[in-house]
Amino acid sequence: MKRIGNLWQAINQKENLLAAYYKARKGKQQRDAVAAFGLNLEHELFTLQYELEKGCYQPGSYRQFIIHERKPRLISAAPFRDRVIHHAVMNVLEPILDKRFYYHSYACRSGKGVHKAVAQYQQWANKYPYVLKLDIAGYFHNIRHKVLKLQLHRIIKDQFLLRLLELIIDESPKDYRLKTSEKGVGLPIGNLTSQYFANLYLNDIDHWLCQQSSVKAYLRYVDDLLIFGENKDDLWQLKNTLSLKLSTLGLTIHSRKQQLMRTTERVDVLGYKVSPKRRWLRNDNGYRFQQKLKRYKLRYQHGLLTSEQIKPRIDSWVGHACHAETIGLRKQLFHPAKKIP
């Protein structure tokens, strides 16, 4: 496909920056930085537009914190004005990248997502006897900036946009938990741009995999790879070849997260235990949400959370749980008389 140019003007239009602001603030209107930006909206957008036009825009410092969901994960949050820029870029760039992505890559794409990925898994599990489950070790933290920039250059020829994308990549924060870290490596978990860069980084691998004779079907969700086949030996051999190709990107397969299973078994797929016909939540999921409910209750009692803030969090979990056999669990967590969605 041809490289794409003439994108900068569309990104730097005031209308696009305004749309980016509304996307960036969604669900975050109560935060101080978001409210302050909104109070001086016209000035803030004009300043961003001027800085982009003059080439003097400079990203701010990230705020880093750890979340604990199954395992500790370092999240790096960009300042709000930078998140507006990220949305402005992706408003224009996302459809261009999406056309090039492998069809069965399901993360952070319109019309895709976890539930579509699980449904596709079940469709293939009814057709093929084996699935090879793989996970990339420390995926975001091991993405090579030089490789990613070359991939972007193969798609984009607009030099103004390329300079901005390279600036965003180069300003990726280091993991403060590490005394030393390799220069030019790693993307922040939490950035909108990082999500799309993560899809792009493995896109060539995606297309290569689906062309292999031993691969009958294949899907990916960020760094989770699910490869279907009819012969166990062929799939294990494929894994060895894939390991070599990933090494050219600076990536390795997680040594403890590689499984070859029969699709008739309960397979761990994106937060669910899945067989060809049924889905269950992982056992730890309900327990972790129960603990969250207790924390929500305490914070509500101390005036630290409002019911308006709690409701979407509960609705989000219920929406996820409804895609599995969880009526009993939801009755246990909520009031027995409560109507179960």
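Which strands does helix 6 lie across at about 15 degrees to strand 8? The points below take this up after a word on the model.

1. Basis and confidence. This is a predicted model, in which local features need pLDDT of at least 70 and side-chain atom pairs count only at pLDDT 80 or more, while totals for chains, interfaces and linings use all residues. Residues are numbered from 1 along each chain as its sequence is written, and side-chain values use heavy atoms, with hydrogens and water left out. The mean pLDDT (the predictor's confidence in each residue, from 0 to 100) is 91 for the chain, with 96% of its residues at 70 or more. Confidence is highest in strand 5, at 98, and lowest in helix 14 (residues 327-333), at a mean of 82.

2. Helices (H or I, at least four residues) and strands (E, at least two) are DSSP runs, numbered from the N terminus. Helix 6 lies across strand 7, strand 8 and strand 9, and its direction makes about 15 degrees with strand 8; angles run from 0 to 180 degrees between N-to-C directions, and axes are lines fitted to C-alpha atoms, for helices over the stretch in contact. These strands form an open sheet in the order 7-8-9 with antiparallel pairing, where two strands pair if DSSP finds at least two bridges between them. Strand 7 (267-269) and strand 9 (279-281) are the edge strands, each pairing on one side only. On average, neighbouring strands of this sheet are turned by 35 degrees against each other, direction ignored. Strand 8 (residues 272-274) is joined to strand 9 by three bridges, and V274 has R279 of strand 9 as its bridge partner.

3. Six bridges pair strand 3 (residues 130-136) with strand 6 in the antiparallel sense, and I136 has I253 of strand 6 as its bridge partner.

4. Helix 5 with helix 8. Helix 5 (residues 80-98) and helix 8 (residues 159-170) pack at an angle of about 130 degrees, with their axes 12 Å apart. The two helices are therefore oblique to each other, on a scale where angles under 35 degrees count as roughly parallel, over 145 as roughly antiparallel, 65 to 115 as roughly perpendicular and the rest as oblique. I85, H86, V89 and L93 of helix 5 make the contact (heavy atoms within 4.5 Å) with L161, L164, L165 and I168 of helix 8.

5. Helix 3 with helix 4. The axes of helix 3 (residues 32-39) and helix 4 (residues 41-54) come within 5 Å and cross at roughly 90 degrees, which makes helix 3 roughly perpendicular to helix 4. Here F37, G38 and L39 in helix 3 meet L41, E44, L45 and L48 in helix 4.
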